[in-house]
Amino acid sequence: MKKRKKLTPPRPPVTARASVTTSPARTLDLPEKQEPDCPPLGLESLRVSDNQLDASSSQSFGLGPHRGRLNIQSGLEDGDLFDGAWCAEQQDAKPWLQVDARHPTRFSGIITQGRNSIWRYDWVTSYKVQFSNDSLTWWGSKNRSSGMDAVFPANSDPETPVLNLLPEPQVARFIRLLPQTWLQGGASCLRAEILACPVSDPNGLLPEVPVLGSSDTLDFRHHDYKAMRKLMKQVNEQCPNITRVYSIGRSHQGLKLYVMEMSDQPGEHELGEPEVRYVAGMHGNEALGRELLLLLMQFLCREFLRGDPRVTRLLTETRIHLLPSMNPDGYETAFHRGSELVGWAEGRWNHQGIDLNHNFADLNTPLWEAEDDGLVPDSVPNHHLPLPTYYTLPNATVAPETRAVIKWMERIPFVLSANLHGGELVVSYPFDMTRTPWAARELTPTPDEAVFRWLSTVYAGTNWAMQDPDRRPCHSQDFSLYGNIINGADWHTVPGSMNDFSYLHTNCFEVTVELSCDKFPHENELPQEWENNKDALLTYLEQVRMGIAGVVKDKDTEIGIADAVIAVDGINHDVTTAWGGDYWRLLTPGDYVVTASAEGYHTATRSCRVTFEEGPVPCNFHLTKTPKQRLRELLAAGAKVPPDLRRRLERLRGQN
């Protein structure tokens, strides 16, 4: 890693060249209210390809025009292939960044940011705009009052997006941004998004602009808290027999954390029916997951009413829980800023400033310490680790949203989950925390590495965007080289993640899905994002059928045994039965030796084969009470001890 440069306080802007006279145009006639008119052209979402971007010069390939995209993030080092902006050469007296829309386009505005870097301060403070139909002849955006070239105010820090609407929208194919001034001591660096509406070609010579769309007639828009609540109510009213809306708690600001349950018996855990969940909006500014879950509940309701066999089977064999907004306070902040102006981080945290994905109890450390001491699994269990004492104290820094989700996890026997995020295109799986203390990244697999890689590959392999062979990396890592999946700790360590907590505190296997390069895509992107993810969302839910499932019962009474432990030879992670004695154990195809045990019962072991056929494979157990347990129950009931039990107890005493 390069030695960190000493950051100095920002100095006044420097002008691009002495010959530029901008004072007559300084009084720019901007609209009274700066609100986006046209949707984004697609620099941030990558709909604009790298070869549509050009520039007068670049300091390096990593600072080339293809890096001049709104919210693009740099790598850890300056000077690599993945820097955080387009930067012109220092000696470039007339720098420009150019975008080819490829079609006649109505340009209406520009959004800019400075350079994303932990090492440098670089941003443009003012710029001009030019247009062309052939990239040879150019005209500028004019100030309406003076008729001179308009000079637009740009950025005063590297990260805050700044919107400028054009005094008059212009129809052209090409647009250029010409930096006029930038931070003194810095370079002419910027990231941008162009607001543009497609227009028809009057000569009919150019192909039609591809339209983003979906054949599903769903509500494709961003929903604030009130609109989300209204939509969930509408879905419940449309499909009352398969839906239930309930709340698991409140945010710090008092907004309810609403869940949509979808099943043929809503409100009831059916014996042998697995419970699955999707959670979105943990980071409030990562809005796509929220909208996908709202679209998913609409889609499942509509297709169930139509009799779609895939959806019908899913809802009759599975109990699905959809939490679209775990951090509603953060989302409201991001929503009111707008999809293009919220930036990279605003709204990420809850109202207390807590990152919810670092707020769950660290159960990894006590487990690994016990493993190092040889205490697992004989003295310390390898599953259902308890909450640490410090975490349960009244003054512990635990967000109300986190507490609500933990109680939800403990109340319902979830088997499978996915946590929907945004800002990348990859599926990450536990462990999220590195085993080596203070390591920034390190491969840290769970005992169920094979299952987690299967689950991750299923989602990545059915996601259209992840499977696009022509897509470019979002920011600084090309995850397509690894099948668009990665071990979370091998990406970057996340202590206190929900994925790790879910695996170590409950039976639930959970992965994180990074859905899109753009954390808060514009509404016109939602139909395509739904198509990108629709089949993946359904296919992932169906993976709950993978592995073995069954009921552990008392051999004498045929009553299910709660909290029985299901252990698989060779996998150092057990699961437990629900209150009715039913269990689900996700496993990849293969032959397994499975043992069921419960307090007061003799253990039972059997072989179970998991095939590639749709399961789960039945693997039931009947356990026999130990003589001591039978004696305790008889004495507690005031009954006489049967002769056969008395003789067995006497034999046991003789052996001892």
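Biologist: Is arginine 647 buried, partly exposed or exposed?

Modeller: Buried means under 20% relative accessible area, exposed over 50%, and partly exposed in between (1.4 Å probe, protein chains only). Arginine 647 comes out at 46% relative accessibility, so it counts as partly exposed. Bear in mind that this is a predicted model, where local features need pLDDT of at least 70, side-chain atom pairs count only at pLDDT 80 or more, and totals for chains, interfaces and linings use all residues. Residues are numbered from 1 along each chain as its sequence is written, and side-chain values use heavy atoms, leaving out hydrogens and water.

Biologist: Which helix holds arginine 647?

Modeller: Helices are DSSP runs (H or I, at least four residues), numbered from the N terminus, and strands are runs of E with at least two. Arginine 647 sits in H13, residues 643–655.

Biologist: How many disulfides are there?

Modeller: A disulfide is a pair of cysteine sulfur atoms within 2.5 Å. This structure has 5. In one of them, cysteine 87 and cysteine 189 have their sulfur atoms 1.9 Å apart. Cysteine 87 is in strand S3 (residues 86–87) and cysteine 189 in strand S9 (residues 189–198), so the pair ties together parts 102 residues apart in sequence.

Biologist: Is the link of cysteine 87 and cysteine 189 right-handed or left-handed?

Modeller: The S-S torsion there is about 120°, so that disulfide is right-handed. For cysteine 474 and cysteine 517, the torsion is about -70°, so that one is left-handed. Cysteine 474 and cysteine 517 are both buried.
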